[in-house]
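Reader: Please take a close look at one helix-helix contact in this model. I would like the geometry, the residues that meet, and then the setting in the chain.

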Amino acid sequence: MDHYFNELYACLKQLSVEEREDAVNFYKEYVAEGGLIEYQQMKERFGTPQSLAAQIYAESATKQVTQDQSEKTKVTKGLALAIAGICILPFHFTILIVVLSVGFAFLVSFLAIIFSIGVTLIALGKSGMVLFLKSFDLLIPFSPILWLKTFGSSLILISLTCLITILLLWGIKFIIKYVTIVLTKVIKKRR
């Protein structure tokens, strides 16, 4: 019995000590109430310690995502736990390599897109600020039509920069949440 729980405890190293002990104690109580004594009985009931750890990671990740969404750390911790749960599952080595390679390719592509959007936002914001400041130079010779065109263009560029920034941040948060949920569902199906 202790051998099973020692393996389970070792597989849950991504969790905090408190969460790890809570999870192991929960299953110890379950085993005690169910009268399971032998390693094989626990393996038949819960699966291998690695698969049970993957299920615990999935449950913890789901709990992290569905709780308070306003804290970034909860979403990223949930994503990390979902990834740890997938990595602990007994995959065939080549399948794991393919999945990790495809995931890495998507991550690099995603980061390249975010970087290019960020550079574009910086250019738009800078252009808007320069136009805004230049528009006041047109008030001295009092060219109201040219001043209104320049001032209006600068406000459009600045507001467009703000709007795209807000949409980008919202989109990133949505994508992280969606990927976490998909990963937890994959873990639960593998179980």
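Author: What follows describes the contact of α2 with α3 and then the chain around it.

The model is a predicted one. Helix α2 covers residues 17-34 and helix α3 covers residues 39-46. The two pack with their axes 12 Å apart, at an angle of about 110°. Angles of 65 to 115 degrees count as roughly perpendicular, so α2 is roughly perpendicular to α3. Their crossing is right-handed.

On the α2 side, the residues in the contact are Tyr 27, Tyr 30 and Val 31. They meet Met 42, Arg 45 and Phe 46 of α3. Sorted by class, this contact has five nonpolar residues, one charged residue and no polar ones.

As for the setting, the chain has seven helices and zero strands. Read from the N terminus, its elements run α-α-α-α-α-α-α. Of the 191 residues in the chain, 30% are buried. Contacts between residues at least 6 apart in sequence can also be sorted by separation: 70% of them join residues at least 24 apart.

The structure holds zero disulfides. Cys 11 has a relative accessible area of 14%, and because buried means under 20%, Cys 11 counts as buried. Cys 162, with 43% relative accessibility, is partly exposed.

To return to the part you asked about, α2 and α3 form a right-handed crossing, and the contact there has five nonpolar residues and one charged residue.

Note on methods. Residues are numbered from 1 along each chain as its sequence is written. This is a predicted model: local features need pLDDT of at least 70, side-chain atom pairs count only at pLDDT 80 or more; totals for chains, interfaces and linings use all residues. Side-chain values use heavy atoms; hydrogens and water are left out. Axes are lines fitted to C-alpha atoms, for helices over the stretch in contact, and angles run from 0 to 180 degrees between N-to-C directions. Helices (H or I, at least four residues) and strands (E, at least two) are DSSP runs, numbered from the N terminus. Angles under 35 degrees count as roughly parallel, over 145 as roughly antiparallel, 65 to 115 as roughly perpendicular and the rest as oblique. A crossing is left-handed if the near helix is turned anticlockwise from the far one by less than a right angle, and right-handed if clockwise. Contact means heavy atoms within 4.5 Å. Ala, Val, Leu, Ile, Met, Phe, Trp, Tyr, Cys and Pro count as nonpolar, Asp, Glu, Lys and Arg as charged, and the others, Gly among them, as polar. A disulfide is a pair of cysteine sulfur atoms within 2.5 Å. Buried means under 20% relative accessible area, exposed over 50%, partly exposed in between (1.4 Å probe, protein chains only).
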